[in-house]
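Visitor: I am new to this structure. Please take me through one part of it closely: the sheet and what surrounds it.

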Amino acid sequence: MARRAGAPEVSAGSMADIAFLLLIFFLVTTTIETDAGLDRMLPPMEPPTEAPPIIKQKNIFTVNINRNGQLLVEDEILSIDKLRERAVAFLDNGGAPSGSPDFCNYCKGKRNAESSDNPTKAIISLKNDRETKYSTYITVQNELVGAYNDLRNREAKRLFGKEYVEMEAEYLNPETEDSVKEELKEKVQRIQGLFPQKLSEAETSSE
Amino acid sequence: MSKFAKKKDGEVPAVSTASLPDIVFMLLFFFMTVTVMKDSSLKVENVLPNASEVKKLEKKDRVIYIYVGKPTKEYEKTFGNEPKIQLNDKFASPSEVGDYILMERAKKPQEIQNVLTTALKVDKNASMGLISDIKQELRKVNALKVNYTTYEGDAFNNLQ
């Protein structure tokens, strides 16, 4: 009985398969994931001599965040989940009377004369404390960007039958063809023109 | 009559596949080591907040990263537990951010130097004071395009 002398050899034939499996696993999973986040533009450093432009008070929507993460919106305390609604109402107000140069013919708001004249004039001013938590700040930013996106989506759907965020994502995607991009660029810019993002961030207060 | 005919002598022997695993393993290790992203190892806690209105950061070569957060356990003794800025592989003060951006910008090819984005990867427990300082520094060096990097999710989860 010669075969009983040593332990039987383990077949190594399937080793290659196992290694291939691992190889494929690593090939697939190590695709570099793209980060996502909120894009913002910082205001450029203005020369100190330049006088700030005069803006009507009713065209400014002030949002103040204190150190405890509470919101003061237009001098009233507001819970953060109502912020988007309020911001939409402010931006979409279109308070200028019809016939005036600022009249907004696509606004669906209340047309309150005390609130913003036109979305292109409306400015959201965001102010926060040095002690405000970053996560609260991001939530507020998210809601304000969301308010703009909601309105832009509405207009994009009305004009082009497609959501604005989709069009923008397609436009920014590097895989989109150039001819499609050209076409989208015009549409995206048109929508951006209807509701320009005017989000001013004042320097933080230390108190 | 056997069911399986016995092999005749003198046939060409099959090529040994015993070394195939070695070759494949070599490939495997190659990919495992090569596909490591050039990502500085994090020395700060970095749990990003959630947001729903996100945009993807395309084109990695156009992004400069700044990390902010509490130093991790290892570094807590030397650097304390207040949120800090991490640039590349070391901790930095807000005043160094400007120089860092200029340095990184100089490393990039000429044609993309003015389309760079600064990605702020900030831990959700950091306070805005530090962020404002960074923003001021960024404005000074005219790096105005920023991206607050977040996870995709419901923004209200941040408040808990």
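Guide: Chain A of this predicted model holds 5 helices and 6 strands. Read from the N terminus, its elements follow the order α-β-β-β-β-α-β-α-α-α-β. The chain has 207 residues, and 27% of them count as buried. Take the contacts in chain A between residues at least 6 apart in sequence: 58% of these join residues at least 24 apart.

Now to the sheet. The sheet is open and has 5 strands. Across the sheet, the order is S4-S3-S2-S5-S6, in chain A. The pairing is mixed. In general, strands of a sheet pair through backbone hydrogen bonds, and the pairing may be parallel or antiparallel.

Start at the edges. These are strand S4 (76-78) and strand S6 (199-201) of chain A. Each of these two pairs on one side only. From one strand to the next, the twist averages 30°.

Next, look at one pair inside this order. Strand S2 of chain A covers residues 60-65, and strand S3 of chain A covers residues 71-73. The two run antiparallel, joined by 3 bridges. Here you can pick out Asn64(A), which stands opposite Leu72(A) of S3(A).

The contact between the chains takes 49 residues from chain A and 50 residues from chain B. On the side of chain A that touches chain B, three elements each supply at least two residues: helix H1 (15-29), strand S1 (36-41) and helix H3 (134-160). H3(A) gives the largest share of that side, 12 residues. So what kinds of residue make up the side of chain A that touches chain B? They divide into 23 nonpolar, 16 polar and 10 charged.

Last, strand S1 of chain A. S1(A) is joined by 2 bridges to a strand of chain B, namely S2 (residues 55-56). These two strands run antiparallel. Look for Ala36(A) there: its bridge partner in S2(B) is Lys56(B).

How values were computed. Residues are numbered from 1 along each chain as its sequence is written. Chains are lettered from A and ligands numbered from 1 in the order in which they are written. This is a predicted model: local features need pLDDT of at least 70, side-chain atom pairs count only at pLDDT 80 or more; totals for chains, interfaces and linings use all residues. Two residues are in contact if their C-beta atoms, placed from the backbone, lie within 7 Å. Helices (H or I, at least four residues) and strands (E, at least two) are DSSP runs, numbered from the N terminus. Ala, Val, Leu, Ile, Met, Phe, Trp, Tyr, Cys and Pro count as nonpolar, Asp, Glu, Lys and Arg as charged, and the others, Gly among them, as polar. Two strands pair if DSSP finds at least two bridges between them. Axes are lines fitted to C-alpha atoms, for helices over the stretch in contact, and angles run from 0 to 180 degrees between N-to-C directions. A residue is buried if 20 or more other C-beta atoms lie within 10 Å of its own, exposed if 12 or fewer, and partly exposed in between; C-beta atoms are placed from the backbone.
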